[in-house]
Amino acid sequence: MLKGSQLEGYCMDLLSELAKKLGFKYKVHLVKDGSYGRLDESGNWNGMIGEVVRGEADLAVAPLTLTAAREKAVGMTKPYMQTGISILMRRDITSEDSSMFDFLSPFSGETWFGILVAYILTAVCICVVARVSPCEWSQPESEQNPFTLLHSLWYIAGALSLQGAGPHPRSPSGRVVSCTWWLFAVVLLACYFSNLSSNQSSDSSHLMIKGFEDLANQDIIEYGTLAGSSTLAFFKNSNNPSYRRIYEHMERRKSFVSSMDEGVQKARDGNFAFIGESVSLDLAVARYCELVRAHEVIGMRGYSIVTPLNFPMLKNLSVAILQLSEAGELAYLRSKWWASSCMAQSAKGSSLRAQSMKGIFLVLAVGLGLGVLLALLELTSKSRSRAQEQKKSCCSVLTQELSQRLRTNSPKREPETSEKNKA
């Protein structure tokens, strides 16, 4: 890659490391015709391979794949990197298959079950607290308790949807239960919408084209590869029916590109899948966040440095490459130049499990327990005052009061008397 008037990149760093190890000096120039190297109709090599064959260059340091045809014409070192053939395309070429119940995907099944149990328990708890607390229901004989079980379920549902449903509790114990549920609802909704948004954005990585079989069986997305490249030769010489269809399609449509940059740009423009070597495609993905590489990689082979035949330093270059690999230098260079400038994205948004929310469930349980305890303390305080007035045992008054509250649903009404009976 050009940086001002200087060249930089993985191959430049690799050449520098090899020069240090083997003690040679070098001068770099770009290949004149911009090609990697292929045989033309007259049987002559062009590109970098041609320059090495003609003696115009001593080495060719580039992403040159090791092939049988090249091995006959030039010397090639041990591979310094493994690569394969894959597909590059835009992220927004996505699958359209979706379920009508995708809105349930933010939480796992056990989390939804836990939410249902929490909803029912909270409704029962606020119903019990409203009956037990004298601050909420001071006169069970003459007043009607508004917090029936049905109303409690409705009240809790309204709070969960942030809509609210009156009347609200008046007692401290009832308010503790309500506030605890409100906190639970706010955290629950925040987690739900956050995970739902994450799942929706991660759906953009579900490609319609997951592999070469999908590519060969569709005619909506155009695709092509580098003209005269080893990738094209792979499809041309393959006996796989799908690979043959891909080659025939590219040959029929003439959907070849003249350079790697042109292929990447066409993929960025949309509705075009660029077939190339996975290592080069990964570099494009690291640079351009709108691009993604398909998971399938075929035709694994290696990148090698090219030398003339019978080059005296060929053996030493191969040994130096192996030493750099064993020392971790090649892995370091790979991580250096393939580092992505995009924000990290998960491959798939996963459902939030109950273990991730056990803290807020614990807070709810503590709040419910505290609310029931406060209601009992309120009732105990009132029973003690009444016991002193009636000069009875506090326990007997408390038991009587508690049984009356849990048994009574509405105030008793006098039977209606007709005018005739009154007369």
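Predicted model: local features only at pLDDT ≥ 70, side-chain atom pairs only at ≥ 80, totals over all residues.
Valine 124 is part of helix H4, which covers residues 109-132.

Together with Leu116, Ile120, Val128 and Leu149, Val124 forms a nonpolar patch on the surface. The accessible area of these residues together is about 390 Å². Helix H4 supplies the largest share of the nonpolar patch, with four residues.

## Overall composition

The protein contains 16 helices and nine strands. Of its 423 residues, 40% are buried.

Among contacts in the protein with a separation of 6 or more, 74% are between residues 24 or more positions apart.

Helix H9 consists of 13 residues, numbered 241-253. From its first C-alpha to its last, helix H9 reaches 18 Å, which is close to the 18 Å expected at 1.5 Å a residue. The buried residues in H9 are Ser242, Tyr243, Ile246, Tyr247, His249 and Met250. They lie on the same side of H9, because the arc they cover around the axis is only 160 degrees. In an α-helix there are 3.6 residues a turn, so residues three or four places apart point the same way. Pro241 and Arg252, on the other side of H9, are exposed.

The packing partners of the buried residues of H9 include both helices and strands. The helices are H7 (212-216) and H8 (230-237). The strands are E6 (222-225), E7 (272-277) and E9 (298-307).

Across the whole structure, a search finds 11 salt bridges. Side chains of opposite charge can pair when their charged atoms come close. One of the salt bridges is formed by glutamate 222 and arginine 253, with the closest N and O atoms 2.6 Å apart. This pair links distant parts of the chain, since glutamate 222 is in strand E6 and arginine 253 is in helix H9, 31 residues apart. Arginine 253 has a relative accessible area of 44% and is therefore partly exposed.

Lysine 254 and glutamate 251 also meet through their side chains in a salt bridge, at 2.8 Å from N to O. Lysine 254 counts as exposed, because its relative accessibility is 55%. Glutamate 251, with a relative accessible area of 29%, is partly exposed.

Another salt bridge joins the side chains of glutamate 277 and arginine 301, at 3.8 Å from N to O. Glutamate 277 is in strand E7 and arginine 301 is in strand E9, so this pair ties together parts that are 24 residues apart in sequence.

Are the members of this pair buried or exposed? Glutamate 277 counts as buried, because its relative accessibility is 10%. Arginine 301, at 13% relative accessibility, also counts as buried. Strands E7 and E9 are among the elements against which the buried residues of H9 pack.

A network of salt bridges links Lys32, Glu51, Arg54 and Glu56. Glutamate 51 is located in helix H2. The relative accessibility of glutamate 51 is 5%, so this residue counts as buried.

Apart from neighbours within four places in sequence, glutamate 51 is in contact with His29, Val31, Lys32, Glu56 and Ala57. Two of these, Lys32 and Glu56, also belong to the salt-bridge network.

The loop between helix H2 (47-53) and strand E3 (60-65) holds aspartate 58.

Which residues does aspartate 58 contact, leaving aside its neighbours within four places in sequence? They are Val306, Thr307, Pro308 and Phe311. Although 249 residues separate aspartate 58 from threonine 307 in sequence, the two are 6.0 Å apart in space, C-alpha to C-alpha.

Conventions:
Residues numbered from 1 in each chain as written. Heavy atoms only, no water. Patch = residues over 30% accessible without salt bridge, like charges linked within 9 Å, V, L, I, M, F, W, Y side chains within 5 Å. Areas by Shrake-Rupley, 256 points an atom, 1.4 Å probe, with all protein chains shown as cover. Salt bridge = Lys/Arg side-chain N within 4 Å of Asp/Glu carboxyl O. Helix = DSSP H or I, 4+ residues; strand = E, 2+ residues; numbered from the N terminus. Expected span 1.5 Å × (residues − 1). Buried < 20%, exposed > 50% of the residue type's maximum accessible area, 1.4 Å probe, protein only. Arc of directions from axis to C-beta. Contact = heavy atoms within 4.5 Å.
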